[in-house]
Amino acid sequence: MARVEVLGRYHYQQDIQVRQHCLKADEGESMGGQDQGPNPYELLLSGLGACTSITLRMYAEKKGWELGEIHVGLHFYRDDQGGEHIDRTLTCSAELGDEQRQRLLEIAAKTPVTRTVRQGTPIETEWK
C-alpha cells in the first residue's frame with residue numbers, strides 16, 4: 001500500500017524517496033539539526049492532514065457538496081503527565097450547514113491515517 005526509503009547521509013538530515021518524489025527531513029536548530037526539512041513529527045502530522053483533506057474532499061464530491069479550500073491545522077504536543085495528543089482543526093472556504101460540518105467531523109475521525117494512528121499499528125524492525 002505504501003513504501004518509503006530513507007537515507008541518512010549527514011548528521012540528522014534525511015533523504016526520503018517516495019515513488020518518484022524526493023523529500024527531506026531534519027531536526028530544527030534547537031534540536032541540533034540544520035533545519036533542512038520538516039522533523040519526523042511534522043511529517044507524521046503532514047500525512048494525517050493530507051489524508052484528512054483528501055478524504056473530506058472525496059466524501060464531499062460523492063455528496064455533491066462544495067467545500068472550496070480545505071484547511072487542516074494540526075498540533076502535536078505532550079501534556080504535563082507525558083501523554084501525547086494531536087489537536088486537529090478543520091475549516092473550508094465554502095459555507096456549510098451545521099449538519100454538514102458535523103458529518104465531516106465524523107468522516108475526519110474515520111480517515112485511514114487517523115485510524116492507523118489511533119490503533120497504534122505494530123512495527124516490526126530487523127537488520128539486513
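Author: The largest pocket has a volume of about 1,200 Å³. A pocket here is an open set of points on a 1 Å grid over the protein atoms alone, where a 1.4 Å probe fits, with protein on both sides within 12 Å along at least five of seven lines; lining residues have an atom within 4 Å of a point. Its volume is the space filled by probe spheres set on the points, which are joined across faces, edges and corners. Of the 24 residues in the lining, Ala2, Val4, Leu43, Leu44 and Gly47 come closest to the centre. Please keep in mind that this is a predicted model, in which local features need pLDDT of at least 70 and side-chain atom pairs count only at pLDDT 80 or more, while totals for chains, interfaces and linings use all residues. Residues are numbered from 1 along each chain as its sequence is written, and side-chain values use heavy atoms, with hydrogens and water left out.

Which elements build this lining? Strand 2 (13-18), strand 3 (21-25), helix 1 (40-63) and helix 3 (112-119) each give at least two residues, and helix 1 has the largest share, with six. Helices (H or I, at least four residues) and strands (E, at least two) are DSSP runs, numbered from the N terminus.

One of the bridges links Ile16 to Leu23 in strand 3. The open sheet they belong to has three strands in the order 1-2-3, with antiparallel pairing. Its edges are strand 1 (5-10) and strand 3, each pairing on one side only. From one strand to the next the twist averages 25°, taken between N-to-C directions of lines fitted to C-alpha atoms, on a scale from 0 to 180 degrees.

On strand 1 sits Val6, which counts as exposed because its relative accessibility is 52%; the classes are buried under 20% relative accessible area, exposed over 50% and partly exposed in between, with a 1.4 Å probe and protein chains only. Leaving aside residues up to four places away in sequence, Val6 touches Gln14, Asp15 and Ile16, where contact means heavy atoms within 4.5 Å. The loop between strand 1 and strand 2 holds His11, which is not a glycine and yet has a positive phi of about 45°. With a relative accessible area of 46%, His11 is partly exposed.

Now for the second largest pocket, whose volume is about 270 Å³. Its lining includes Leu44, Phe76, His85, Asp87 and Arg118. Strand 5 (84-92), helix 1 and helix 3 each supply at least two residues, and strand 5 gives the most, five. This lining divides into five nonpolar, two polar and four charged residues. Strand 5 runs antiparallel to strand 4 (residues 70-78), joined by nine bridges; among them, Leu74 has Arg88 as its partner in strand 5. The two strands form a hairpin with five residues between them, and Gly82 in the turn has a positive phi of about 90°.

Definitions and conventions
Nonpolar A, V, L, I, M, F, W, Y, C, P; charged D, E, K, R; others polar. Pairing = 2+ DSSP bridges.
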